[in-house]
Amino acid sequence: MTMETRKVLDIIERMFPDARCELEYSTTFQLAVSVILSAQTTDISVNKVTPALFHCFPDASAMASASIEEIEALIRQIGLYHTKAKHILQFAQELQQKYGGEVPSKTDELIALSGIGSKTANVIQAVGFGIPALAVDTHVDRVSHRLGLVPKNANIAETEKILKRTIPKERWIKAHHAILFFGRYHCKSQKPQCRVCPFEKDCPYNLEKSRNQP
């Protein structure tokens with residue numbers, strides 16, 4: 001881990017010492033469903049629909065028996081609800097058939113399930129099982145590029161590999177949440193708080209933005 005990355009992570013973790021998963025759930029199954037639903041949607045939006053969803057279908061067995069129409073009716077408020085309803089129904093059915101309704105913890109088993117990609121698998125492992133994992137969502141990816149923690153042309157998969165290589169494994173879980181919070185509440189996609197940022201003078205994104213201003 002380079003000194004620069006260490007200093008960046010130390011500062012971000014001090015800024016957001018209580019960073020955590022903001023999805024609301026009671027079981028690992030509900031966590032997994034919530035993460036699937038959170039794709040291209042805010043956690044706040046997901047938390048608005050999951051209480052009713054989990055009241056009706058609290059576990060894989062119950063959800064596996066649901067109809068697509070029943071699920072769609074409960075998550076209609078969030079974006080891409082047609083596709084997401086299909087994914088969580090298939091996820092529940094596969095989980096019930098292959099694992100007796102229990103969410104597996106291994107990466108290869110998770111990503112083989114419907115609706116589960118690398119990011120979702122990492123979140124389930126880290127938050128649901130406490131297994132060292134580092135999920136790269138849009139916030140983590142944006143911050144990593146803006147601060148120069150990864151090359152400009154690095155894609156999501158490459159960003160994940162680089163962060164996992166440069167950040168000690170024992171810090172992965174905490175680092176993910178801290179960087180995510182930094183991106184969600186400080187280094188926002190629109191109107192980032194550059195003028196009150198501890199990295200203002202050294203941030204490649206801010207320096208380039210300043211050079212391009214008339």
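Modeller: By class, 13 nonpolar, 15 polar and seven charged residues make up the lining of the largest pocket, where Ala, Val, Leu, Ile, Met, Phe, Trp, Tyr, Cys and Pro count as nonpolar, Asp, Glu, Lys and Arg as charged, and the others, Gly among them, as polar. This is a predicted model, in which local features need pLDDT of at least 70 and side-chain atom pairs count only at pLDDT 80 or more, while totals for chains, interfaces and linings use all residues. Residues are numbered from 1 along each chain as its sequence is written, and side-chain values use heavy atoms, with hydrogens and water left out.

Colleague: Why is one space called a pocket and another a cavity?

Modeller: On a 1 Å grid over the protein atoms alone, a cavity is a set of points where a 1.4 Å probe fits but cannot get out, whereas a pocket is an open set with protein on both sides within 12 Å along at least five of seven lines, and lining residues have an atom within 4 Å of a point. The largest pocket holds about 810 Å³ of space and is lined by 35 residues, with Ser38, Ala39, Thr41, Asp43 and Lys119 nearest its centre. The largest cavity holds about 80 Å³, and its lining includes Leu147, Phe182, His186 and Cys203.

Colleague: Which residues line the second largest pocket, and what is its make-up by class?

Modeller: Its lining consists of Glu4, Lys7, Val8, Ile11, Leu147, Pro198, Phe199, Asp202, Cys203 and Pro204, which divide into seven nonpolar, no polar and three charged residues. About 210 Å³ of space lies in this second largest pocket.

Colleague: Why is helix 3 called roughly antiparallel to helix 5?

Modeller: Helix 3 (residues 43–56) and helix 5 (residues 68–75) pack at an angle of about 150° with axes 8 Å apart, and this makes the two roughly antiparallel, because angles over 145 degrees count as such. In the packing, Val49, Ala52, Leu53 and Cys56 of helix 3 meet Ile71, Leu74 and Ile75 of helix 5, contact meaning heavy atoms within 4.5 Å. The residues of this contact are seven nonpolar, no polar and no charged.

Definitions and conventions: Axes are lines fitted to C-alpha atoms, for helices over the stretch in contact, and angles run from 0 to 180 degrees between N-to-C directions. Helices (H or I, at least four residues) and strands (E, at least two) are DSSP runs, numbered from the N terminus. Angles under 35 degrees count as roughly parallel, over 145 as roughly antiparallel, 65 to 115 as roughly perpendicular and the rest as oblique. Grid points are joined across faces, edges and corners, and a volume is the space filled by probe spheres set on the points.
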